[in-house]
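Have a look at the structure first, then read on.

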Amino acid sequence: MVPTLKGRWLTRILLFLWIGVPITFLFSLYVAGPRSPILPYIGWHYDILPFQILSLILLVGLVMDPVYFYAQQYRWERDWPFAYFFFFSIVEFVIVLALVWWGVLDFTRPRSQLHTSENYLLFTFHFGCVFLLSFIAVLGLIQIFMIRWRFKSGEWGRM
Amino acid sequence: MIRFPILLDIYQRGDGPLKRVERISLPEVGDYSIGRASENQIVLDTPEVSKRHAWLLLREDGIAVADRGSTNHTYIGDTEVDQSPWDGALPVRIAQFEIHLVAQSAIGETRVNVPQDNATRAFASGSAGAPAAVPRGQSIEVALNAPNAPDEMRFPRNVFKSEIVSSAEIKASEYFAGESTYLSVGAGLGSFVWADHLRIFGVSKSEIRAIGDDVIPYANYQRLCRNSQIPPHERLRSNSQSTPDNIWGFPGYASRETWKDLKEFRFGGLKHIFQVFGEASLAQTFTPRSGEVFKSIDSEAQRIGWREMFVSGRVLGIRKTNDERYAVAYRVPEDQARGGVRERIMIGKFIHISTGYPATRFTEDLQAFKARFPEEARVFNAYENHEVVYRSIEQNPMPATVVVRGRGIVASRIIQRLYEARNKNKNITIVHQMRNPIAKNEGYRYKRAQRYVYNHIENQAFNWPKACWGGQLLRETERATPEERVKIYEALGGTTTADRRDWRNIIQLGIGDGWYKPVFGHFETLELVKTDQGPKIQMRLKPQRNQPPVEVVADYALDCTGLIGDISHSPLLRDLAETYKLLRTLGVGGGKPGGISVTPDFEIAGLRNGSGRAYAAGQITLGGPQPGVDTFLGMQYSALRSVDHMAVLGAPNVSLFGPLRSFSQWIKWCTNTKP
């Protein structure tokens, strides 16, 4: 990958919309118990918690991107190997876990309901699914649909 | 001194009197080959002429003629010559042809006052700096069946009388060969990738034509690969996702190779996937085998119907027409002549020019040596066939020294080949000649990053940093002014080789065992010397930094300094640039202009003709908005840009290619279904 800063942000938002949101929706249905609110019109139960985690992952990523872009300036090729993408995605998730542990989501529900080992396991599994598909998308799935993406430093749109 | 261009008239003796068949104009200093084979620059196509008959050596201070061991010899007037200066007083005679120097005021001063036997040597030292050339491809062709007409009536000048030609007149003429909406000139890889995009974007094959020498789009590229010692199983310097057979770049060559290996239960193939995953930092960069790339192109050519779009011929000229189109004049091979007429003109609405490198570079001293000792096959350009070198040093167990000149990727590969030859003859020594040493910390810098140096050679995976094909660096070059661009290109380009572990090991082994030796310096003299082991070449180098001069005695010298990109070596492009006063890019290193200037959409702005459009691709656009134009990925990029541009203009049947069409076409690619 040879992304620019704008390209990094846009690719991240693209993956959030295409892969993150649909998978998270499935998780939110799974997490929901009888206690949760009802999705209007359809009548499904859902829980907002997976979306909160996904949004945190997106936010941490958007904040980290300028750091990666700066580091890229010291690479002669101005590239970002897939291995780096892989490694730093996990780093980002660890930061998200630390933030949750520290209490950024404590305003959303009682601590006793949030900080359970069951929840942390769920976050990890949720992240694992989103990450795996996103990584496959970056390896080649995106360019099957968006032929110009690879020449546009990760940005969307026409040439 | 000689004033360029030099005009030569070529006459032919038939049954009757001499007839002038061609007037040719030679633009600059260079070595022009004469012979029957089509790779010569001046083709005299009769059986009496040898395939490689003679050299015409043009220098600032004079002209010389050198016979190349031809069967029927070369004459100046009635005197048979091996090599001799030529003042033009008497014609050069080759078989039934006579070459006359056209008298002009400057030509009268071309008498060369040098001793006969030292002639070419004097030329060599007198014209440093100008690269000698053996142009190829777009050659000046003097065909046996040229019509016996006055000069200005000869094809295509008889039709192309003005900058804008009448389409109706062409259609009424005997040359008219049809119309095509999309017409590509060159029919090499650049044309192929462009046609591939058009087909996948929705254009039918009947609307596309590509005119060129060979129906195999990679024929020329493959020849250069083979000569520079990249047989099918060796790897190219290209990335996994640079796929001329697949416009999406997915699946790349790495996953295809892995898949192939896994199907045969070779789990080692998984390493290619890991290479792409960790490339540059954790693993050596993956590069595909040349044979696999060619096979993949064959299969895609079959799928898109390339054979039906291909037109065999050599393009001679291009003109705008009065109905907002373009007329492309070409000459077809002899077997396709129609009542003796080989000349054709095809009309196109959207044309695309991708003719590739006009010539092979040959450094002056080696070229002069070749001309002085034509029978001594001792110096070669790495891009020409030089199998004789390997054959001779492998079969003969005598000590042999080979000079490898240059520090690029070709030099690395040639050294690897010579290392392999050492398995058969342990007495082979490699002398690697480079201009100057480069210390570890002396690699090129661009902004915050610096290039890595190993063994006095700068290392880089491909010929440009990766971000030049769609990253931050491409952004910077696209936005830069021409002057800024030259500065960026100077910092990013230059000669580099790939960081391959096997190549490093060879160098280390060679230095340790003493059979590889780097030498540094500018060439001073090159002589043929007689030794106990027979004749050898003796090379003197003037080193930098107060070092003593270096003297090398060797059996062979291989010039790995590359190909010539200067488009003035191509008569077709020179004519086009002069006729329409096309803008040229600024050449790197200052001085000479570079390629044809194109917009970021790869349009040649100066050729716009109403609603007609002309695009260019490949090496001839060097120095423009995109750095890596002469690469697979560069051609994919330029094809996508120009086809996208046409889509927005509303060109017939070119879709906007959104995500759904892209996906459905990709499925067709995967299932090998016609687009």
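**Helix packing in chain A**

Helix 1 of chain A and helix 5 of chain A cross in a right-handed way (right-handed: the near helix is turned clockwise from the far one by less than a right angle; helices are DSSP runs of H or I, at least four residues, numbered from the N terminus). This is a predicted model, where local features need pLDDT of at least 70 and side-chain atom pairs count only at pLDDT 80 or more, while totals for chains, interfaces and linings use all residues. Residues are numbered from 1 along each chain as its sequence is written, and chains are lettered from A in the order in which they are written.

- Helix 1 and helix 5 (residues 117-145) of chain A pack at about 150°, axes 10 Å apart (axes are lines fitted to C-alpha atoms over the stretch in contact, with angles from 0 to 180 degrees between N-to-C directions).
- That angle makes helix 1 of chain A roughly antiparallel to helix 5 of chain A (over 145 degrees).
- Contacts (C-beta atoms, placed from the backbone, within 7 Å) involve residues including I19(A) and I23(A) in helix 1, and L122(A) and H126(A) in helix 5.
- Helix 1 (residues 5-31) and helix 2 (residues 49-72) of chain A have axes that come within 9 Å and cross at roughly 165°.
- So helix 1 of chain A runs roughly antiparallel to helix 2 of chain A too, and their crossing is right-handed.

**Contacts of one leucine in chain B**

- L198(B) touches Y182(B), V203(B), I208(B), V643(B) and V654(B), leaving aside residues up to four places away in sequence.

Definitions and conventions: Two residues are in contact if their C-beta atoms, placed from the backbone, lie within 7 Å. Helices (H or I, at least four residues) and strands (E, at least two) are DSSP runs, numbered from the N terminus. Angles under 35 degrees count as roughly parallel, over 145 as roughly antiparallel, 65 to 115 as roughly perpendicular and the rest as oblique.
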